[in-house]
Amino acid sequence: WTSSQFPQVYSIQCPSLRDFAMTNEQIRAEQLVVSEKDFPTATMTTGSSGNVYLGAQNLNSVYMLRPRKENGFEEAMETSLLLRNDSALEWPEKFAFDSRGNLYVVANRREKFLEGDLDTSEWNYFVWRIFVGDSSYTESNRLKPE
């Protein structure tokens with residue numbers, strides 16, 4: 001998990017979150033910093049492979065964090081840039097997988113709308129399809145062949 005404005009990406013085991021007897025301090029002690037990021041994120045999702053996909057708002061980019069084993073455990077993640085486009089990927093905000101290994105990204109130039117600078121005479125909403133060979137973490141790798 002990550003906060004939109006803070007640089008750390010954390011990992012924590014689900015049983016810890018399900019244990020309502022644990023205090024916030026105990027949960028905090030169990031979380032691991034698995035990556036650092038230098039951009040705010042509006043959205044993130046996890047694939048069934050364990051990869052984490054992040055939208056980098058101010059960089060007009062989509063990044064992938066891939067688990068890396070250290071000491072036999074997935075304690076760190078490698079960051080790689082999947083896509084960057086300064087004209088048509090402004091404010092990547094919504095992610096969804098299809099059953100063929102594609103990640104769909106909605107970019108909507110929301111920052112221009114919020115600043116009152118949205119030009120309605122041009123395209124402002126974009127849907128990108130990126131083949132990542134992954135599926136939603138809720139799908140358990142049920143990719144369908146073409």
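**Tyr104 and its surroundings**

Mentor: Leaving out residues up to four places away in sequence, Tyr104 touches Lys94, Phe95, Ala96, Asp98, Val127, Trp128 and Arg129, where contact means heavy atoms within 4.5 Å. Before you ask more, this is a predicted model in which local features need pLDDT of at least 70, side-chain atom pairs count only at pLDDT 80 or more, and totals for chains, interfaces and linings use all residues. Residues are numbered from 1 along each chain as its sequence is written, and side-chain values use heavy atoms, with hydrogens and water left out.

Trainee: Which strand is Tyr104 found in?

Mentor: Helices (H or I, at least four residues) and strands (E, at least two) are DSSP runs, numbered from the N terminus. The run that covers residues 102–107 holds Tyr104, and its name is strand E8.

Trainee: Is Tyr104 buried, partly exposed or exposed?

Mentor: Buried means under 20% relative accessible area, exposed over 50%, and partly exposed in between (1.4 Å probe, protein chains only). Tyr104 has a relative accessible area of 27%, so this residue is partly exposed.

Trainee: Which side chain makes a polar contact with the side chain of Tyr104?

Mentor: A polar contact is a pair of N or O atoms within 3.5 Å; within protein, one must be able to donate a hydrogen and the other to accept it, and residues adjacent in sequence count only if both atoms are side-chain atoms. For Tyr104 the distance is 3.3 Å, and the partner is the side chain of Asp98.

Trainee: What separates the C-alpha atoms of Tyr104 and Arg129?

Mentor: Along the chain, these two are 25 residues apart. Arg129 is also among the residues that Tyr104 touches. Their C-alpha atoms are separated by 4.6 Å.

Trainee: Why does Asn51 count as buried?

Mentor: Asn51 lies in the loop between strand E3 (41–46) and strand E4 (52–56). Asn51 counts as buried because its relative accessibility is 7%.

Trainee: Where is Asn60, the residue with phi near 50°?

Mentor: Most residues other than glycine have a negative phi. Asn60 has a positive value, and it is buried at a relative accessible area of 13%. Its place is in the loop between E4 and E5.

Trainee: What is the phi of Trp91 near?

Mentor: Trp91 is found in the loop between strand E6 (73–84) and E7, and it is buried with a relative accessible area of 16%. Its phi is positive, in a residue other than glycine, and is near 60°.

Trainee: How many helices and strands does the protein have?

Mentor: From the N terminus on, the elements run β-α-α-β-β-β-β-β-β-β-α-β. The totals are 3 helices and 9 strands.
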